[in-house]
Amino acid sequence: MAQQESQVMSLPLPPSQYINLFSEENIRRNRAPRPPPPIPDGYSMFGIQYNNEEMIRSLESQNIKRLIPLNFDRRKELKKLNHSLFVNFLDLIDLLIQYPDSPRRSEKIDDLSLLFVHMHHLLNEFRPHQARETLRVMMESQKRQRVETTTRFEKHLEKVCDIVNTAFSDLPEITDDDMGDSDIKMEVDSQDSNSGNKSDASYQLDRIMCSVIDSME
């Protein structure tokens with residue numbers, strides 16, 4: 001029995017295929033797909049195996065011939081690759097003009113493809129540095145926004161303190177006459193508070209005793 005070949009899609013499904021799964025009705029009925037579980041070791045994407053341990057796959061793991069040394073300066077190597085691309089491209093043009101049917105044409109195309117792969121690989125090795133720089137810029141932006149917010153808050157606080165101090169300074173001063181009026185008012189209030197207890201039973205008994213004594217005199 002012949003072994004069945006696995007068909008691999010070169011592109012993901014259209015976005016509508018995923019959007020329809022997360023409709024409001026599916027979310028309300030808890031029918032939306034769950035997030036995928038964490039990948040333990042490796043995974044396959046478009047027919048290529050990837051390992052979680054290495055962020056960027058090495059050239060050897062991709063069965064690509066290495067043109068650059070293991071220890072190198074990326075800027076210098078990128079300049080060399082860029083120069084080699086121009087030279088090989090000019091050679092390819094000369095071959096197409098002078099010898100269009102030459103077999104070296106395919107060799108030059110393969111060389112150009114290999115140089116582009118190496119340039120792409122070197123640029124990908126800058127991705128961690130780019131991620132760190134992006135995170136640093138984001139944190140500096142958040143710090144700047146917080147400092148600006150704190151500065152505005154301090155300015156508003158100073159304005160509020162000035163308004164409160166001005167309001168206190170505009171209050172009239174209390175004189176001795178005003179204090180006397182307040183004492184009289186307090187005495188009247190205390191009498192009124194005592195008169196409020198006339199409905200008390202002990203107060204009624206005192207009134208009866210006072211009237212009896214007055215009648216005896």
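Figure 1. A pocket is an open set of points on a 1 Å grid over the protein atoms alone, where a 1.4 Å probe fits, with protein on both sides within 12 Å along at least five of seven lines; lining residues have an atom within 4 Å of a point. The lining consists of Y50, I56, R57, L59, Q62, I64, V117, H120, H121 and N124. By class, 5 of these residues are nonpolar, 4 polar and 1 charged (nonpolar: Ala, Val, Leu, Ile, Met, Phe, Trp, Tyr, Cys and Pro; charged: Asp, Glu, Lys and Arg; polar: the others, Gly among them). Helix α4 (residues 104-124) supplies the largest share of the lining, 4 residues.

Residues are numbered from 1 along each chain as its sequence is written, and side-chain values use heavy atoms, with hydrogens and water left out. In this predicted model, local features need pLDDT of at least 70 and side-chain atom pairs count only at pLDDT 80 or more, whereas totals for chains, interfaces and linings use all residues.

Figure 2. Helices (H or I, at least four residues) and strands (E, at least two) are DSSP runs numbered from the N terminus. The 21 residues of α4 reach 30 Å from the first C-alpha to the last, close to the 30 Å expected at 1.5 Å a residue; the expected span is 1.5 Å times one less than the number of residues. For α3, with 25 residues, the end C-alpha atoms are 36 Å apart, in agreement with the 36 Å that 1.5 Å a residue should give. Buried residues (under 20% relative accessible area with a 1.4 Å probe, protein chains only; exposed is over 50%, partly exposed in between) in α4 are K108, L112, L115, H118, M119, H121 and L122. Those of α3 are E77, L78, L81, L85, N88, L92 and L95. The cover over the buried residues of α4 includes α3 (74-98), and the cover over those of α3 includes α4.

Figure 3. K108 belongs to helix α4. Why does K108 count as buried? K108 is classed as buried because its relative accessible area is 12%. Leaving aside residues up to four places away in sequence, K108 touches N88, D91, L92 and L95, where contact means heavy atoms within 4.5 Å.

Figure 4. Strands β1 (residues 42-45) and β2 (residues 48-51) run antiparallel and are joined by 4 bridges; two strands pair if DSSP finds at least two bridges between them. Y43 stands opposite Y50 of β2, and M45 stands opposite I48 of that strand. Y50 is also one of the residues lining the largest pocket. The hairpin has 2 residues between its strands, and F46 takes a positive phi near 55°.

Figure 5. N30 lies in the loop between α2 (24-28) and β1. Although N30 is not a glycine, its phi is positive, at about 60°.
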